[in-house]
Amino acid sequence: MNPIAARIRDFPTTVFSEFSALAQKHQAVNLGQGFPDFDGPEEICEAAIRAIRDGVNQYAISAGTVVLRQAIAEHAQRFYGQRVDPTTEVVVTSGATEALFDVTLGLVDPGDEVILFEPYYDSYVANVTMAGGTPRYVLLRPPDADHARWWYDPAELEALFNDKTKVIFVNTPHNPTGKIFDRAELEHIAGLCIRHDVLAVTDEVYEHIVFEPSRHLRLATLPGMAERTLTISSGGKSFSFTGWKIGWVIAVPALIDAIQKTHQFVTFAVSGPFQHAIAAALRLPDAYFAGLVQSYREKRDLLVDALTVAGLRPIAPEGSYFAMARIDHLGFADDFEFCRYLTRDIGVAAIPPTAFYVEHHRDHGRGLARFAFCKRDETLLAARDRLAALARR
Ligand SMILES: Cc1ncc(COP(=O)(O)O)c(C=O)c1O
């Protein structure tokens, strides 16, 4: 008897486990995993502590505390002009991770096809597989002589839509490329969803890390898309509290119902005190959000300069806190060999992005490495010093 269920038997161990262990073993500066090595605003910490002291310590309402759902609706209106009914159009989840699971299990039947942009955030494929759906892939390609930004071939995307297509996932700002889907791209995707009666799930966890002149646009706010889009976000990246795991889904009542039905049997409800604190965070003044972007812009520039000096060819991200760099001219067999060398011999950990491509597309990631810059300036400066050894190699 094989004790492991067939549906998860072939799941790989995430690439982060290998590289976190390797980084620790070699005391490398860890620019691999995407979590800040600093805390978010003190007043938001205080809000969580206050909620605990005030007795917000028993099961929260399953759909989310009233104060947080209200704050999520206000935030959607304030930043995107999106009208959201907090009582019927929001479910609060254990991070975007649970939201992605609930959405997939709530919408995808065995045999349904789900379109994913590649490279992808790795939980999408696992979720679709657990739901019995079939992932179909469309490539995001790096900038080249004809394209100034990461791009996809519109014909390649159009060819994937068929009678079995149920959902398309759109992650913008995108991990790991740092791409922001612009208005023309979102309008193209919206047109296909409407024409083929397909749902869209957007993963917008980096919505507040967007560098000018790029702008973050919400697919749900395009004409005809409110009724067929499920918008996912979370507080982890916007407020630098990734460990608090407060996420949410916004959708019209008919769709949110499917998410609530799944959510009630996955976690039922998530941590009350942290919901209170994230409600306060979503209501922070504009200056907070502007400061976050400014700080990340400086970190991005520092990292991009350091990688350039080291002889890599970074692709400056439009958003998120990740930068991909080209490494294919450096003489390594592939991204894994490069990232292992970098971690072990140079003392800086990065992530090999082939982990975010399906087997038969791995060649597209072999010449790249992903670096996270959600780190204190001291950490990034230490990485810069070590990376200089790469140029001397
Ligand atoms: C694209 C993307 N989606 C979702 C998540 C998970 O978000 P959360 O920490 O809110 O579960 C991450 C975290 O790295 C991410 O990069």
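Predicted model: local features only at pLDDT ≥ 70, side-chain atom pairs only at ≥ 80, totals over all residues.
Buried here means under 20% relative accessible area, exposed means over 50%, and partly exposed lies in between, with a 1.4 Å probe and protein chains only. Since six of the six residues of strand 3 (residues 113–118) are buried, the strand is largely enclosed by the rest of the structure. Helices and strands are DSSP runs numbered from the N terminus, helices being H or I of at least four residues and strands E of at least two. I noted that in a regular strand the side chains alternate between the two faces of the sheet.

Strand 3 runs parallel to strand 4 and is joined to it by six bridges, where pairing requires that DSSP finds at least two bridges between two strands. E118 stands opposite L139 in strand 4, and the peptide bond from E118 to P119 is cis, with omega near 0 degrees. P119 itself lies in the loop between strand 3 and helix 6 (123–130).

**The sheet and the helices on it**

I then traced the open sheet, which is formed by seven strands in the order 2-8-7-6-5-3-4 with mixed pairing. Strand 2 (90–94) and strand 4 (134–139) stand at the edges with a single partner strand each, so one side of each is left without a neighbour in the sheet. From one strand to the next the twist averages 20 degrees; axes are lines fitted to C-alpha atoms, for helices over the stretch in contact, and angles run from 0 to 180 degrees between N-to-C directions.

Strand 6 (residues 199–203) pairs with strand 7 (residues 229–234) in the parallel sense over four bridges, and T202 stands opposite T231 in strand 7. Helix 9 (residues 253–263) packs on the sheet, touching strand 2, strand 6, strand 7 and strand 8, and its direction makes about 30 degrees with that of strand 2. Helix 5 (residues 95–107) lies across strand 2, strand 5 (165–171), strand 6, strand 7 and strand 8 (246–250), and runs at about 160 degrees to strand 7.

The domain assignment, which is automatic or from a database, gives domain 1 (6–40 + 287–392) and domain 2 (42–284). Their centres, taken over C-alpha atoms, are separated by 24 Å, and the contact takes 36 residues from domain 1 and 41 residues from domain 2, contact meaning heavy atoms within 4.5 Å.

I followed L312 to A325 in strand 10 (residues 322–326), which is 13 residues away in sequence and 6.3 Å away in space, C-alpha to C-alpha. A325 is buried, with a relative accessible area of 0%, and, not counting residues up to four places away in sequence, its contacts include L307, L312 and F371.

**Cysteines and backbone details**

My search of the whole structure found zero disulfides, a disulfide being a pair of cysteine sulfur atoms within 2.5 Å. For C374 the nearest cysteine sulfur, that of C339, is 16 Å away, and C374 is buried with a relative accessible area of 0%.

A cis peptide bond also joins N175 and P176, with omega about 15 degrees, and P176 sits in the loop between strand 5 and helix 8 (183–196). Which non-glycine residues have a positive phi? I noted D197, with a phi of about 50 degrees, and S240, with phi near 60 degrees. D197 is exposed at 58% relative accessible area, whereas S240 is buried at 6%.

Definitions and conventions
Residues numbered from 1 in each chain as written. Heavy atoms only, no water.
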